[in-house]
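This report covers pockets and charged pairs. Start with the model itself.

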Amino acid sequence: MKEMTSLERVQAVLNGQTPDRVPVVPQCFMFSAKTAGYHIGQINRSPAKLAESHRICQEKYGYDGCVIDVDDATLAEACGAKVIFRERDVASVDEHHPVLESLEQIDELKLPEPMHDGRLCEWLETSSRLMDMVGDHVFVMGRADQGPFDLLALLRGAQEFMIDLLTEDEDVIRHALDWAAEAHIRFARAQLAAGVHATSMGDSYAGPNLVSPDIYRRLALPAEKKVVDALKDLPGAYSIHICGDTSMIVGDMGKTGAKILEVDWKVDMGRARTLVPEDTVLMGNINPSDPMCLGTPGDVHARAKEIIDTTRGRGLILSSGCALSENIKPENLQAMVDAAGCYGAYDRLCELQQQ
């Protein structure tokens, strides 16, 4: 089979076709910064350096797509949250001083304007710069930061929000989630308008590690689906990432209509493949800690082979299960790319898919 470009490889998977090999799109914005000589906290407000760090890292290791991310505080900051900045690490929301004392105050906040508020415009400029650099041959996902459930938790304070889920009137919660969904939709639309091939949400507070599957289905799922529905007629794919063990809800996540589901390392990828629609792409799910930090290239190869075998390489983008730290072993990132060629080449994919 003719060799594809990285972009063609990912697009083939998104279109339900068999690529020349399984594409690799690691979540490595912190490692990219280090590869370019920085800590992420030193460049989180410099679109030129952020974009250049992705270009340098992608060219060095040869993976197929770049995920533009900075931290989980940017959209909340644009909505009025206080943020703690650290030179050697990601920024974080100051949850000891939440902007909302009650969910009923949500309408007092101003919905963010992506081109003007906080650092949203800097994420968008990073997206535009990286698209100009590599977007004709490399897949670019410009995240739209946090999804509705996560954003509301950051604005209210995670602990307070967990209590609200048990004590607050459900109509109040739903209204606040609708507001948060609209805030995210605005940023996601702006990312797609910047030309990226995909955008996404992180909605990890909605996962079973923190709330029950029932709460996810009643509250988080409708808000996530609202986002997907609002973006479905725009060019570009949409992705949902929920950290932790989403085994109990991954089938429900598939009902959102999102084209890509980013699956963390605790989930059995083979089982997930059977629970989501056939045209939904799974992205994941090598453990960012072991093997990526603690293991060897051989360990990475073994895990990649297991993922490809159990999914039969169908609708698969090989990735890390969650964000990679700057301290992963460089040889292990290279091993992830090499393993896709060893175990996910076209001829082998054809054999697996005929089983």
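Predicted model: local features only at pLDDT ≥ 70, side-chain atom pairs only at ≥ 80, totals over all residues.

The largest pocket has a volume of about 500 Å³. Its lining counts 24 residues, and Asp69, Asp72, Gln146, Cys243 and Cys322 lie nearest the centre. Helix H2 (29–35), strand E3 (92–93), helix H7 (148–156) and strand E5 (198–202) each give two or more residues to this lining.

The second largest pocket holds about 230 Å³ of space. It is lined by 16 residues; Gly16, Gln17, Glu278, Arg314 and Gly315 are the closest to its centre. This lining divides into four nonpolar, eight polar and four charged residues.

**Salt bridges**

Side chains of opposite charge can pair when their charged atoms come close. The structure holds 24 salt bridges. Three of them are listed here.

| Pair | N to O distance |
|---|---|
| Arg186 and Glu113 | 3.1 Å |
| Arg186 and Glu182 | 3.5 Å |
| Asp309 and Arg348 | 2.8 Å |

Asp309 sits in helix H13 (residues 297–311) and Arg348 in helix H15 (residues 346–353), so this pair ties together parts 39 residues apart in sequence. Asp309 is partly exposed at 24% relative accessibility. Arg348 is also partly exposed, at 22%. Elsewhere, salt bridges with shared partners join Arg9, Asp20, Arg21 and Asp64 into one network.

Arg186 and Glu182 both lie in helix H9, four residues apart, about one turn of the helix. Arg186 is partly exposed, with a relative accessible area of 25%. Glu113 is partly exposed at 35%.

Notes
Residues numbered from 1 in each chain as written. Heavy atoms only, no water. 1 Å grid on protein atoms, 1.4 Å probe; cavity = no way out; pocket = protein on both sides within 12 Å on 5 of 7 lines; lining within 4 Å. Points joined across faces, edges and corners; volume = space filled by probe spheres on them. Nonpolar A, V, L, I, M, F, W, Y, C, P; charged D, E, K, R; others polar. Salt bridge = Lys/Arg side-chain N within 4 Å of Asp/Glu carboxyl O. Buried < 20%, exposed > 50% of the residue type's maximum accessible area, 1.4 Å probe, protein only.
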